[in-house]
Amino acid sequence: MKKSAVYLIAIVLIGIAVSSSVSDTTCTVYAKAKQSATLMKRYKKLVKKCKNIYRYDGTQYEMNRDAYNQYSTWDKELNFVYSKICKSLSASRKKKLKKSQISWIEKKEKAAKASAAQWKGGSAEPMIYYLSLASSTQKRVRWLIQNYT
């Protein structure tokens, strides 16, 4: 074969490889954008649902229960979002996220205890504690969606 033919074949093969790589990247970007939109839609729907369900206008017992249930709802959503995100991360990014998540959980617990301490011994103490957890967890869900999808 002549040198020019070899060069031409090499250029065609490189073009095919680059085209395939660009196509894969485009698919990945599209998939991430779609996941982000889906998770954000879920998030917004859950915000509305919580506003409609948890009104905090009953007895203290009912408000304490609502605060716990609201926190539980956001905690489940956090676990759902976290698991979805982890599926698309490399091992090193997954390890980094896990470390960040553990640190965040410790801060969240500390902040909730500090908020509730002002109500120590009062009937509203559990409500304040769980409302703090729910608020922090809701913010973390949004942060994960915005920063990892």
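The structure is a predicted model, where local features need pLDDT of at least 70, side-chain atom pairs count only at pLDDT 80 or more, and totals for chains, interfaces and linings use all residues. Residues are numbered from 1 along each chain as its sequence is written, and side-chain values use heavy atoms, with hydrogens and water left out. Helices are DSSP runs (H or I, at least four residues), numbered from the N terminus.

**Meet helix H3**

- H3 covers residues 91–117, and its 27 residues reach 39 Å from the first C-alpha to the last.
- That span is close to the 39 Å expected at 1.5 Å a residue (the expected span is 1.5 Å times one less than the number of residues).
- Leu97, Gln101, Trp104, Lys108, Ala112 and Ala116 of H3 are buried (buried is under 20% relative accessible area, exposed is over 50%, and partly exposed is in between, using a 1.4 Å probe and protein chains only).
- An α-helix has 3.6 residues a turn, so residues three or four places apart point the same way.
- The buried residues of H3 pack against helix H2 (60–87) and H4.

**H3 against H4**

- The axes of H3 and H4 (residues 125–148) come within 9 Å and cross at roughly 155 degrees (axes are lines fitted to C-alpha atoms, for helices over the stretch in contact, and angles run from 0 to 180 degrees between N-to-C directions).
- That crossing angle makes H3 roughly antiparallel to H4 (under 35 degrees is roughly parallel, over 145 roughly antiparallel, 65 to 115 roughly perpendicular, and the rest oblique).
- H3 passes H4 in a right-handed crossing (right-handed if the near helix is turned clockwise from the far one by less than a right angle, left-handed if anticlockwise).
- Among the residues making this contact are Leu97, Trp104 and Ala111 of H3, plus Tyr129, Ser132 and Ser136 of H4 (contact means heavy atoms within 4.5 Å).
- Sorted by class, the contact of H3 with H4 has 10 nonpolar, seven polar and six charged residues (Ala, Val, Leu, Ile, Met, Phe, Trp, Tyr, Cys and Pro count as nonpolar, Asp, Glu, Lys and Arg as charged, and the others, Gly among them, as polar).

- Ala111 sits in H3 and is partly exposed, with a relative accessible area of 36%.
- The C-alpha atoms of Ala111 and Tyr129 are 8.8 Å apart, while the two residues are 18 residues apart along the chain.
- Ser132, in H4, counts as buried at 13% relative accessibility.
- Setting aside neighbours within four places in sequence, Ser132 touches Ala111, Ala112 and Ser115.
- Ser136 is also in H4, and at 18% relative accessibility Ser136 is buried too.
- Again leaving out neighbours within four places in sequence, Ser136 is in contact with Trp104 and Lys108.

- H2 and H3 pack at about 165 degrees with their axes 11 Å apart, which makes H2 roughly antiparallel to H3.
- The crossing of H2 and H3 is right-handed, and its contact residues include Tyr71, Leu78 and Tyr82 of H2 and Lys94, Leu97 and Trp104 of H3.
- By class, that contact has seven nonpolar, one polar and three charged residues.
- The axes of H2 and H4 come within 8 Å and cross at roughly 20 degrees, so H2 is roughly parallel to H4.
- H2 and H4 make a left-handed crossing, and the residues of their contact split into 18 nonpolar, five polar and three charged.

Key:
Helices (H or I, at least four residues) and strands (E, at least two) are DSSP runs, numbered from the N terminus.
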